[in-house]
Amino acid sequence: MTSPTPPPGPPATVGIVAKTRLREAAAVVANLTDWLTARDVGVVIETDTARLVERQGPPTCSRDELPSAADLILVLGGDGTLLGVAGRVARSAASPPILAVNFGSLGFLTEITLPELYPSLESVLAGTARIDERRMLHSRVLRNEAVVADRIVLNDVVLGKAALSNIIDFAITLGEQFVMSSRADGLIIASPTGSTAYNLAAGGPIVHPMVDAVLLTPFAPHTLTNRPIVIPATAPVRVTPALGGAHQSAYVSFDGQYGFELAPGDSVTVERAARPLRVVRAESRSYFAVLREKLKWGER
């Protein structure tokens with residue numbers, strides 16, 4: 001999150017997407033459609049979400065098509081749903097803001113509550129909504145210097161050993177500088193937004209989203225001195241796991257949405273993505289209020 005960007009103009013078309021098979025969202029989608037249509041705002045509904053409503057209505061499109069079909073995307077679900085939509089926005093040439101409404105159990109990223117849905121939409125239509133920019137990370141997997149995977153994430157890239165693998169040595173560089181060798185079960189490379197996700201569970205620090213940084217957090221490290229570090233996002237981070245042994249295998253995952261097994265010699269690079277994700281913020285609370293409310297941060 002950089003400083004808030006100027007409010008966007010009123011959207012001509014709002015795209016609606018809900019968590020897969022979220023029956024509780026059916027009535028909300030139907031009411032939203034009527035509410036927006038009454039205000040002369042176009043509506044397009046993601047194909048699976050439209051099946052929840054079970055009535056003839058607005059046009060539909062796939063999740064991959066949604067970013068180019070809408071000026072604002074309304075997400076109904078939890079953080080996982082938002083991460084999936086964020087990845088699709090990042091891969092699209094369009095860059096619509098996202099208004100995410102929490103239907104999950106935690107909803108740290110989907111911070112807007114259901115009672116706040118219509119006031120938040122009204123502020124978007126009025127052009128007064130607060131829009132935060134969340135920096136994303138661009139990751140590539142290199143095999144013999146050829147790119148075999150290319151992903152943009154909002155939270156993190158995670159390298160971890162397989163269930164029956166021995167512990168792994170990870171060599172880490174920042175640009176041309178050697179950072180450290182980490183002997184651990186795995187390594188989390190997180191954005192400031194992702195600092196409150198897997199990074200936090202693994203003992204990493206909370207980093208305010210306005211900080212232009214990348215977090216490196218080993219999990220289950222072999223030595224007590226192998227601690228998390230916050231580094232500037234000024235150069236690519238490159239991680240090369242040592243996978244030469246017969247009982248060594250590692251996987252890489254991107255925002256928990258996609259992943260695969262790494263081959264010996266593979267390396268993973270992570271750098272600041274060219275474009276941030278734009279997110280509509282709740283009017284009633286700050287970032288620190290979200291920390292206190294969702295994570296019970298600072299409570300005694």
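1. A word on the basis before the details. This is a predicted model, in which local features need pLDDT of at least 70 and side-chain atom pairs count only at pLDDT 80 or more, while totals for chains, interfaces and linings use all residues. Residues are numbered from 1 along each chain as its sequence is written, and side-chain values use heavy atoms, with hydrogens and water left out.

2. I would start with the largest nonpolar core, which has 31 residues. Such a core is a set of buried Ala, Val, Leu, Ile, Met, Phe, Trp, Tyr and Cys residues joined through side-chain atoms within 4.5 Å; buried means under 20% relative accessible area, exposed over 50%, and partly exposed in between, with a 1.4 Å probe and protein chains only. The members that touch the most others are Ile16, Leu32, Leu74, Leu76, Leu99, Leu117 and Leu121. Elements giving two or more residues to this core include strand S1 (13-18), helix H1 (26-38), strand S4 (72-77) and helix H5 (117-126), and H1 gives the most, with seven residues. Helices (H or I, at least four residues) and strands (E, at least two) are DSSP runs, numbered from the N terminus.

3. Beyond its neighbours within four places in sequence, Leu32 is in contact (heavy atoms within 4.5 Å) with Ile16, Leu74, Leu76, Leu117, Tyr118 and Leu121. Apart from this core lies another, of 27 residues, among them Val214, Leu216, Ile231 and Val268.

4. Next, the helix pair. The axes of H1 and H5 come within 13 Å and cross at roughly 30 degrees; axes are lines fitted to C-alpha atoms, for helices over the stretch in contact, and angles run from 0 to 180 degrees between N-to-C directions. H1 and H5 are therefore roughly parallel to each other, as angles under 35 degrees count as roughly parallel, over 145 as roughly antiparallel, 65 to 115 as roughly perpendicular and the rest as oblique. From H1, Val28, Asn31, Leu32 and Trp35 meet Leu117, Tyr118, Leu121, Glu122 and Leu125 of H5.

5. Val44 sits in strand S2 and is buried, with a relative accessible area of 6%. Its C-alpha atom is separated by 4.8 Å from that of Gly15, 29 residues apart along the chain.

6. Residues up to four places away in sequence aside, Thr110 touches Gly77, Gly78, Asp79, Leu82, Ala100, Val101 and Asn102.

7. Strand S10 (residues 168-174) runs antiparallel to S14, joined by five bridges, and strands pair if DSSP finds at least two bridges between them. S14 also pairs with strand S17 (residues 267-272), antiparallel, over three bridges. Val237 is the bridge partner of Leu174 and stands opposite Val270 in S17.

8. Finally, helix H7 (residues 287-295) has Tyr287, Ala289, Val290, Leu291 and Lys294 buried. The buried residues of H7 pack against S5 and strand S6 (131-134). Lys296 follows H7, with a positive phi near 55 degrees.
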